[in-house]
Amino acid sequence: MRTLGSRFLLIVLMGVVVPLAVVGVWLTRSAERSGRELLHQQLEQELTRLARSVEDRARARAGEMQLLANNASALALLSGVQLSAADSGYLGDLVRSLGPAITGVQYRNGVEQLRWHTELGDRTPSDSMLRPVDGQRISIALPVRSAAGVDATAMPARIGTVQAEVLLSRIIPLDSTTLLAAGAVLALHDSLGTVIWSSRPGAVDLFDSVGSEWERITRPVSLAAMQLELLAPVAPFVEPFERSTRNGLLVLSSVLLASMLLSVVLTRQLTASLRELSAAASGVASGTLDRTVRVRGDDEVGQLAEAFNAMTSSLRDTVAELSRQRSLAAVGEFATLLSHEVRNSLTSVRADLQHAARHVDESHPGAPLLARSLDSVRRLDGTVTSALRLARSGQVARVAVPLADVLHDAQLIVQPVFDEREVMLAIPEALDITLHQADHAALSQLFVNLLLNSAQAMPSGGVAAVSIERDEQHVHISVHDDGNGLPAGTAMFEPWRTTKRTGTGLGLSMAHRIAEAHGGTLTLTNGERGGTRVVVSLPLYRQGPAHSLRDAS
């Protein structure tokens with residue numbers, strides 16, 4: 001299975017590495033081409049300069065040879081006239097007057113027959129004298145034409161040639177070859193393409209076997225019937241380009257490697273966050289709602305992590321609320337069933353007590369007990385009736401209720417428990433405080449639950465004290481006991497949660513719901529000197545419809 005990390009690396013590979021690899025190949029191939037182009041340009045410039053210099057020198061030699069071609073003795077000689085000693089001496093003096101560049105001269109008639117020759121120095125005249133000697137001399141030939149006839153516009157006829165043996169050093173500036181490109185070889189070819197001289201001794205065979213590793217260019221020298229050729233090895237010029245390319249490729253490869261390593265690291269970090277998110281999401285899907293992920297930054301992945309944590313927190317709250325609603329629904333159903341059964345039993349008990357009271361005289365010692373029992377049954381019946389109303393509609397009654405009556409009824413119910421446990425209950429006078437639009441039975445049940453919890457939480461000899469404070473809008477009733485206090489982190493208002501072995505976990509939950517239904521609050525804290533302190537805050541005046549137990553949830 002292709003992972004997100006592999007896909008990301010593939011994108012980097014196709015989008016960065018492959019194009020850079022293509023650029024690297026192009027740079028490698030262009031290095032040789034660039035070196036060859038630079039070498040060719042240098043050779044072109046150098047050979048052009050040399051060819052121009054050779055042309056100028058050959059032209060100068062040809063100008064000197066015009067004296068040999070345009071004189072009466074030469075015309076007579078090539079016309080077939082036998083030279084006299086004076087004419088021969090004249091030609092010899094003329095040759096010697098031309099300077100050191102020309103070392104020998106010969107005249108040939110129109111059929112290439114040698115008619116006269118001379119050589120300066122001690123060398124013996126020979127037909128081979130016109131070939132370079134030790135590769136240091138070349139020959140330059142000029143046509144000799146007859147004198148103009150009657151028609152001055154006609155071209156004079158060619159009657160022969162005068163050939164001069166010229167020192168090569170006077171034609172080719174040998175000292176300038178040091179300016180050639182590195183490793184370059186300069187050669188001089190005759191009209192047949194034979195190498196007659198080269199700047200590198202023993203390099204004649206090189207010009208016949210040169211390959212692609214050499215760059216070569218040629219230039220003709222028309223006056224001397226020669227051709228200049230310049231060879232240069234490509235490697236010295238290509239090598240710097242290739243070295244630069246290799247260095248560039250090395251740097252490029254290092255950058256690519258670093259980029260790939262960085263991409264791998266970043267990809268692992270990115271996919272690690274996504275894997276963590278995936279694992280957390282799987283945990284949430286399996287029911288583990290306390291999973292959270294680390295927020296590694298403020299980018300999109302970090303925002304996704306924050307959104308996931310917010311989602312799981314909201315989901316936990318929603319699930320907790322649903323659980324609480326289900327628990328409350330169960331409490332309501334349980335209270336309805338219990339209240340119905342208790343009410344039926346109370347109806348029978350009340351009927352029996354009323355029947356017994358009709359048969360007992362008022363002076364009988366048991367008459368007060370019967371009267372008090374009937375009052376307790378009526379009070380309990382009212383409590384059950386209120387519980388049924390709360391269970392069915394979630395509403396409380398909207399009548400004026402004296403706070404003193406509520407606390408008095410609650411005290412009558414719980415006093416036997418306090419006496420049995422030998423715990424003191426101190427309730428002050430509630431004065432004339434009246435709660436408007438309240439439910440007497442529900443509030444009595446609220447304080448009964450609170451006082452019973454205090455009695456059961458204290459050892460013998462403890463004291464449960466009730467204090468009352470009021471302001472313009474609310475009355476605050478506090479119940480403080482001498483018990484052990486609340487354990488840390490205890491959710492006391494959740495249904496079925498209790499710290500007592502025989503408790504049901506419904507008393508505080510119902511008390512909290514009754515307080516909320518009256519628009520008030522109920523808070524539990526540990527007292528400063530130990531024990532538990534419960535504060536019920538109820539509004540003195542309420543406006544609008546009665547609070548609903550369901551709405552308060």
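Trainee: Which residue in β8 is the bridge partner of Leu188?

Mentor: The model is a predicted one. Strand β5 covers residues 185-189 and strand β8 covers residues 226-233; five bridges join the two, which run antiparallel. Within β8, the bridge partner of Leu188 is Leu228.

Trainee: In what order do the strands of the open sheet of four strands stand?

Mentor: The pairing in this open sheet is antiparallel. Strands β6 (195-198) and β7 (214-221) each pair on one side only, and they form the edges. Neighbouring strands are turned against each other by 20 degrees on average, direction ignored. The order is β6-β5-β8-β7.

Trainee: At what angle do the axes of helix α9 and helix α10 cross?

Mentor: Two packed helices are described by the angle between their axes and the distance between the axes. For α9 (residues 440-457) and α10 (residues 507-517), the axes come within 9 Å. The crossing is left-handed. The angle is roughly 145 degrees.

Trainee: How many charged residues does the contact of α9 with α10 have?

Mentor: The axes of α9 and α10 come within 9 Å. On the α9 side, the contact is made by Ala442, Leu443, Gln445, Leu446, Asn449, Leu450 and Asn453, and on the α10 side by Gly507, Leu508, Met510, Ala511, Ile514 and Ala515. By class, these comprise nine nonpolar and four polar residues, and the number of charged residues is none.

Trainee: Is Glu112 buried, partly exposed or exposed?

Mentor: Glu112 lies in the loop between β1 (102-109) and β2 (114-119). Its phi is near 60 degrees, a positive value in a residue other than glycine. Most residues other than glycine have a negative phi. Because the relative accessibility of Glu112 is 43%, the residue counts as partly exposed.

Trainee: Is Glu422 buried, partly exposed or exposed?

Mentor: Glu422 occupies the loop between α8 (403-420) and β10 (424-426). The phi of Glu422 is near 55 degrees, again a positive value in a residue other than glycine. The relative accessibility of Glu422 is 57%, and the cut-off for this class is over 50%. Glu422 therefore counts as exposed.

Trainee: What percentage of the contacts between residues at least 6 apart in sequence join residues at least 24 apart?

Mentor: The protein chain has eleven helices and 15 strands. Of its 553 residues, 37% are buried. Among the contacts between residues at least 6 apart in sequence, the share joining residues at least 24 apart is 67%.

Technical notes
Residues numbered from 1 in each chain as written. Predicted model: local features only at pLDDT ≥ 70, side-chain atom pairs only at ≥ 80, totals over all residues. Heavy atoms only, no water. Buried < 20%, exposed > 50% of the residue type's maximum accessible area, 1.4 Å probe, protein only. Contact = heavy atoms within 4.5 Å. Axes fitted to C-alpha atoms, helices over the stretch in contact; angles between N-to-C directions. Left-handed = near helix turned anticlockwise from the far one by under 90°. Nonpolar A, V, L, I, M, F, W, Y, C, P; charged D, E, K, R; others polar. Pairing = 2+ DSSP bridges.
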